Every structure is written in structure tokens, then in C-alpha cells.
Amino acid sequence: MSPLLQDMLRVLLIGIGATAVMDLWLWCLKRVGLPGLNFAFIGRWVGHVFRGTWSHDAMTKAAPIQRELALGWLTHYAVGVAFAGVLASLYGTAWLSSPSLVPALCVGLGSVVAPLVIMQPAMSAGVASSKTATPLKNCPKSVANHAVFGLGLYLSAVTLERISR
């Protein structure tokens, strides 16, 4: 396999692994009674974006999209892989074979900008959940979730590096 394909495969696997770590975290939060993400609404939003509608007054009242839950999960993992690609682009492909924690956490924490500034406003929650009942609770939760994603980037890269020795 060419080095480019190897790096692309690593980015794919790191992104999937990091997203799975985040999902495990979200599952744990749900088990202790903290509400989690509704991936059907993410799928609904993405489905409407593909149809030309970027934002909604109330995402819960937007017309459902066929297979929106599956589309939401697919989007969630595709975005995780994209941020793994951002990590490899910013810190070089050498990071893929010799991962360190700080770059992964930086990208993970930086990735929180996407939901706070793009998705939440488009889905009627306002910038940084400002239109929700508990923005001061929602924002730190988003930051924590994305810090866990960053940790997942690191753990996935370390695991891959050890397996490929």
C-alpha cells in the first residue's frame, strides 16, 4: 500500500475511533441522567441542507427526512473523520505514526466551534446555545464532549501506532 493510502486509512480509522470514544462518553452521560444528542435532528438538518434550507425556526418542527437517524449518525462519523484529517493536516502525517496528546486535544477542543457557531444557530438553538433554557450548562457540556473527542483522537492514534508495529 502506498504511503498516501496508508495515511488516509489511518486518518479514517483515527476519526472513527475518536468518534466512538465520544459516543461512549455520551452513552455514559446518558446513563447518569444527562440528556444527550439526538442524531435524528442532525440528520434532519443535514437532509434539509441538501434540499437548500440552512436554518430553521424550530428543528423539532421541521419536516422529517427519510432515514434521518441514519443520516445523523453517518454525518457524525464523517465529521469525526474530517477533524482527524484536520489534525493530520495541521500537525503533519508524522503525527499519525508518533502521536502526542496536546495536538489531539487542541483539534478536539477546536472542533467545538462547529456545533456552537454553525449547527446550533442553524438548528434554532442560537450561537452557543443562547436560545436554549440552559446555555451556561449546554456550552461547557459541548466543550467537555469535544475534549473527549480530542482524547479519542490521541487514543485511537496511539492504538493504531501500537498495532502497526
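## Contacts and burial

Residues 24 or more positions apart supply 70% of the chain's contacts with a separation of 6 or more. A contact means heavy atoms within 4.5 Å. Of the 165 residues, 39% count as buried. Buried means under 20% relative accessible area, with a 1.4 Å probe and protein chains only.

This is a predicted model: local features need pLDDT of at least 70, side-chain atom pairs count only at pLDDT 80 or more, and totals for chains, interfaces and linings use all residues. Residues are numbered from 1 along each chain as its sequence is written, and side-chain values use heavy atoms, leaving out hydrogens and water.

## Fold and shape

The chain has seven helices and zero strands. Helices (H or I, at least four residues) and strands (E, at least two) are DSSP runs, numbered from the N terminus.

The radius of gyration, taken over C-alpha atoms, is 17 Å.

## One salt bridge

The whole structure holds one salt bridge. The term means a side-chain nitrogen of Lys or Arg within 4 Å of a carboxyl oxygen of Asp or Glu. Here glutamate 68 pairs with arginine 44, and their closest N and O atoms are 2.7 Å apart. The pair links distant parts of the chain, 24 residues apart: glutamate 68 is in helix α3 (residues 68-91) and arginine 44 in helix α2 (residues 39-50). Both glutamate 68 and arginine 44 are buried.

How values were computed: Rg over C-alpha atoms; globule rule 2.2 N^0.38 Å. Buried < 20%, exposed > 50% of the residue type's maximum accessible area, 1.4 Å probe, protein only.
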